[in-house]
Amino acid sequence: MDIPPVRDGLPDTASRQARHRVVVTGLGAITPLGVGAGELWQGLVEGRCGVRPLEGAEFADQPVRIGATVPADPVALPSGLPARRTDRAAQFAVLAAREAWRDAGFDPSGALANEIAPERVGVSLGTIFGGAPVLVDGDRRLRARGPRGLSPHTAAMTVPSQATAQVLLDLRITGEARTVVSACASSTEAIGQSIDRIRQGHVDVMLAGGTEAAIVPAVMASFAAMRVLSARNNEPARASRPFARDRDGFVHGEGAAVLVLELEEHALARGARIYCEAAGWGLSADAHHIAAPNPSGEGLMLAMRRALADAGAAPADIAHINAHATGTQDGDLAEAAAVRRLLDERPAGSPAVPVTAVKGNLGHLQGASGAVGAVVAALTLHHGRIPPTIGCDDLDDACAGHLMDVVTRAPRELNAAGDLVLSNSFGLGGHNAVLALRRTSPAPPVPPGPKASGSAQNLVREFHRAFGLGVGTHPATVSPELARHRQVLLEEEVAEVAEVAETDRLVDIAHELADVVYTAYGTALVHGIDLDAVLAEIHRANMSKLGPDGHPVLREDGKVLKGPSYRPPRVADVLASLQ
């Protein structure tokens, strides 16, 4: 059965291109390959495996005694959270979020220390089990010691939203708190929702990702009963085999990954390093079986198509796919079927698309797997290298071909053809989610503006904060092609205004000027007035407050004569001059 064309309810291409862009500015991870996104990337490129024997006595009688565990105790790490009040998944999440926050160039002490309004920052994390292991342990303690055996923190630690709450507390973020539970697609959906929240103007920055820490006997035994785990207890480093002919199931894993997503204008204004654009995402549902994917791959393909549509892209734009591929027979076949059908839509003569799967290195991190995949996809774009799929010594012919080129044995350079990477996540019960990340060109050098005094610099910074309060919620949508140009003009304008403004009124003036700019922009769009003309008129009105030589009019004592009476131009006056 053919999938009908996607009717995604999204704006047309022109409208989509005019939306505010979201970029990735920070990455953090704690995985079976080590602590830090750097350790994750290095381990993938070197082809290392993080699957280990489970040594605890509680696993001795388990049919599966291997897992992809984090090789560090999060409590023992510097600034680790106390185990008495936080579960292991929350500890992982906080460590990954701190790294991503620092990597984005923010002060680790929290939002306020960075002169970012805490209400303009949010957190969105995905998980499946949350603190369920705490509940299992609580039940054991209850049976052994009665009610007095339970900690008063037990209930709080069991809820899935505990990890999100701990990140909020740690970084003093008050904007938004979201927790997504949608099987193995949880963290991909958490990231996708965050993209939309920034696009819609609700926040400027989101920490988005996922966490999981449920390598406990009850969970291991239940997966083993489903016959979805690899039982290669004697060769843990070769147990996870995505796309391999002899794959026999996934390896249960743990860890966390977090990305800092940011409004592009916000990131550029503070000079942030940008890994890539978070260009789009897509969701779908199989409605086929509670545990098995639809073998046709139709649901998976629909999610990929929707991610491409949301990014304003087509199959021809795909440069690489980071596959979900867990190493189960049915799951890998369904994903391969979907990928091959999607790539068959590329123009005749198109090169094959390199595909990789990282679960050979990491096992399956469940609710955190999509976030780890997104971090890897961002690093792939950033470094221009594709890590190999390990454990796939004998590639299943049914999982390749039709322009699907599974990367094995050694890293490969990312082709210049295409600018989009898809990161796939497909979960139990038919939850499908896909991210589309786009490579970005280095930002062009900013033309030199007027030499700003300390007051000017303060006003520029406060202006961006004030302007951010209205970005995205107003009909004034600036196209990506003109965003950087207008940003420079606005910064020059604000810097010049600072020279005629009283220092103790900088904050008020910044907010007033920001209100003029985005209100005038919105009205201009409604009436078809060119936005650059609006900027030019605001500049003319501001400069009328200066002397004929373009400098502030000074009193004999050297103080600014017109500074105390400065007010930004009125919106009505600006628009009247243009009509």
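How many cavities of 30 Å³ or more does the count come to by the rule used here? The structure is a predicted model, in which local features need pLDDT of at least 70 and side-chain atom pairs count only at pLDDT 80 or more, while totals for chains, interfaces and linings use all residues. Residues are numbered from 1 along each chain as its sequence is written, and side-chain values use heavy atoms, with hydrogens and water left out.

On a 1 Å grid over the protein atoms alone, a cavity is a set of points where a 1.4 Å probe fits but cannot get out, whereas a pocket is an open set with protein on both sides within 12 Å along at least five of seven lines; lining residues have an atom within 4 Å of a point. Points are joined across faces, edges and corners, and a volume is the space filled by probe spheres set on them. By this rule, the count comes to three cavities of 30 Å³ or more.

The largest cavity has a volume of about 110 Å³, and of the 15 residues lining it, the closest to its centre are Val 358, Lys 359, Ser 369, Val 372 and Gly 373. The largest share of this lining, four residues, comes from α13.

The second largest cavity, with a volume of about 50 Å³, has a lining that includes Ile 318, Arg 346 and Asn 415.

Methods:
Helices (H or I, at least four residues) and strands (E, at least two) are DSSP runs, numbered from the N terminus.
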